[in-house]
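Here is a short report on one protein model. Look over the sequence and the structure first, then read on.

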Amino acid sequence: MVNSQEFTNRLAKIMEYYELSATSFADKIQVGRSSISHIISGRNKPSLDFVMKVVQTFPEVELYWFLNGKGSFPSTPSSEISSVKEKTKASPVSEEKEILKKDHSKTSKAIEKVIVFYTDGTFDAYNS
């Protein structure tokens, strides 16, 4: 059985390490913001889905460490960690622009507009 207080401490350690607020952490792992609040306050215990999203989003978080506190965090060498940290801080728009720049350099075509569609039915359009 997972000790809720110790689990909460490990969750806080992950958020602190990546310099993420509870809100940005929830957005990053794609869970409701209230889920983080409820787990931190001890109201709810983490679901398997929640744990797996954290482990999948942050590969340097070892499952066994996250659940039981045994092992180490972070699990990757420091050179790889700074790369992962930078990726977690980058916005989706800036990542998309980098991809477009790379693809654009291979062709003679110019990008006029990029449209991003969200699952809630909204969209954003970016002109070059």
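## Basis of the model

This is a predicted model, in which local features need pLDDT of at least 70 and side-chain atom pairs count only at pLDDT 80 or more, while totals for chains, interfaces and linings use all residues. Residues are numbered from 1 along each chain as its sequence is written, and side-chain values use heavy atoms, with hydrogens and water left out.

## Overall layout

The protein chain has seven helices and two strands. Along the sequence the pattern reads α-α-α-α-α-α-α-β-β. Helices (H or I, at least four residues) and strands (E, at least two) are DSSP runs, numbered from the N terminus.

Of the 128 residues in the protein chain, 23% are buried. Buried means under 20% relative accessible area, exposed over 50%, and partly exposed in between (1.4 Å probe, protein chains only). Among contacts between residues at least 6 apart in sequence, 42% join residues at least 24 apart. A contact means heavy atoms within 4.5 Å.

## Helix 2

Helix 2 spans residues 22-29, and its buried residues are Phe 25, Ala 26 and Ile 29. Seen down the axis of helix 2, these fall within an arc of 100 degrees, so they line one face of the helix. The arc is taken from the directions from the helix axis to the C-beta atoms.

What covers the buried residues of helix 2? The cover includes helix 1 (4-17), helix 3 (33-41) and helix 4 (48-57). Gln 30 follows helix 2 and has a positive phi, near 60 degrees.

## Helix 3

Ile 36, His 38 and Ile 39 are buried in helix 3. Down the axis of helix 3, its buried residues fall within an arc of 165 degrees, so they line one face of the helix. They pack against helix 1, helix 2 and helix 4. Just after helix 3 comes Gly 42, with a positive phi of about 90 degrees.

## Helix 1 against helix 3

Two packed helices are described by the angle between their axes and the distance between the axes. The axes of helix 1 and helix 3 come within 9 Å and cross at roughly 130 degrees. That makes helix 1 oblique to helix 3. Angles under 35 degrees count as roughly parallel, over 145 as roughly antiparallel, 65 to 115 as roughly perpendicular, and the rest as oblique. Axes are lines fitted to C-alpha atoms, for helices over the stretch in contact, and angles run from 0 to 180 degrees between N-to-C directions.

From helix 1, Phe 7, Thr 8, Leu 11 and Met 15 meet Ile 36, Ile 39 and Ile 40 of helix 3. The residues of this contact divide into six nonpolar, one polar and no charged. Thr 8 of helix 1 is buried, at 9% relative accessibility. Leaving aside neighbours within four places in sequence, Thr 8 is in contact with Ile 39 and Ile 40.

## Ser 128

Is Ser 128 buried or exposed? Ser 128 is exposed, with a relative accessible area of 76%. This residue lies in the segment after strand 2 (123-127). Not counting residues up to four places away in sequence, Ser 128 touches Ile 111 and Glu 112. The C-alpha atoms of Ser 128 and Lys 113 are separated by 6.0 Å, with the two residues 15 apart along the chain.

Definitions and conventions: Ala, Val, Leu, Ile, Met, Phe, Trp, Tyr, Cys and Pro count as nonpolar, Asp, Glu, Lys and Arg as charged, and the others, Gly among them, as polar.
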